[in-house]
Amino acid sequence: MICRFQELKNKEVINVKDGKRLGFVCDIEISSQDGKILSLILPPQKSRLFFGGDDDITVEWDKIKKIGDDIILVDLICEKD
């Protein structure tokens, strides 16, 4: 499956562990060596007005279970609510 970054940004990310909506992709981390996506970056849960900072949610690529038409399912263990 080929997916553009703009298409990823329009998909909601949902954690399959608890069904919680994590938000929408705001950025991605790419390997400078081989160009592969390493992780998806989501804005902080509490405030979607500010991007960046330590509260960003980072979803490593191997935690993505399925990329569908409208959503991205991830398998995360959330340590804080």
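How many salt bridges does a search of the whole structure find?

Modeller: The model is predicted, and a search of the whole structure finds two salt bridges. In general, side chains of opposite charge can pair when their charged atoms come close.

One of the two salt bridges joins the side chains of Glu-12 and Arg-21, with an N to O distance of 3.7 Å. Glu-12 counts as buried, because its relative accessibility is 16% and the limit for burial is under 20%. Arg-21, by contrast, is exposed, with a relative accessible area of 57%.

Strand β1 covers residues 12–15 and is joined to β2 by three bridges, the two strands running antiparallel. Within this pairing, Glu-12 stands opposite Phe-24 in β2. Strand β2 spans 21–24 and is an edge strand, as is β6 (64–67), each pairing on one side only. Both belong to an open sheet of four strands with mixed pairing, in the order β2-β1-β7-β6. From one strand to the next, the twist averages 20 degrees.

The other salt bridge is formed by Asp-75 and Lys-17, whose closest N and O atoms are 3.5 Å apart. Lys-17 lies in the loop between β1 and β2 and Asp-75 in the segment after β7, so this pair ties together parts that are 58 residues apart in sequence. Asp-75 is partly exposed, at 21% relative accessible area, while Lys-17 counts as exposed, at 53%.

A further residue belongs in this picture. Ile-77 is exposed, because its relative accessible area is 72% and the limit for exposure is over 50%.

Nonpolar side chains tend to be buried together in soluble globular proteins. Here the largest nonpolar core has 14 residues, of which Leu-40, Val-59, Ile-72 and Val-74 touch the most other members. Strands β4 (37–42), β5 (57–60), β6 and β7 (71–74) each supply at least two residues of this core. Beyond its neighbours within four places in sequence, Leu-40 has contacts that include Leu-8, Val-25, Ile-57, Val-59, Trp-61, Ile-64 and Ile-72.

Key. Residues numbered from 1 in each chain as written. Predicted model: local features only at pLDDT ≥ 70, side-chain atom pairs only at ≥ 80, totals over all residues. Heavy atoms only, no water. Pairing = 2+ DSSP bridges. Axes fitted to C-alpha atoms, helices over the stretch in contact; angles between N-to-C directions. Core = buried A, V, L, I, M, F, W, Y, C linked by side-chain atoms within 4.5 Å. Buried < 20%, exposed > 50% of the residue type's maximum accessible area, 1.4 Å probe, protein only. Contact = heavy atoms within 4.5 Å. Salt bridge = Lys/Arg side-chain N within 4 Å of Asp/Glu carboxyl O.
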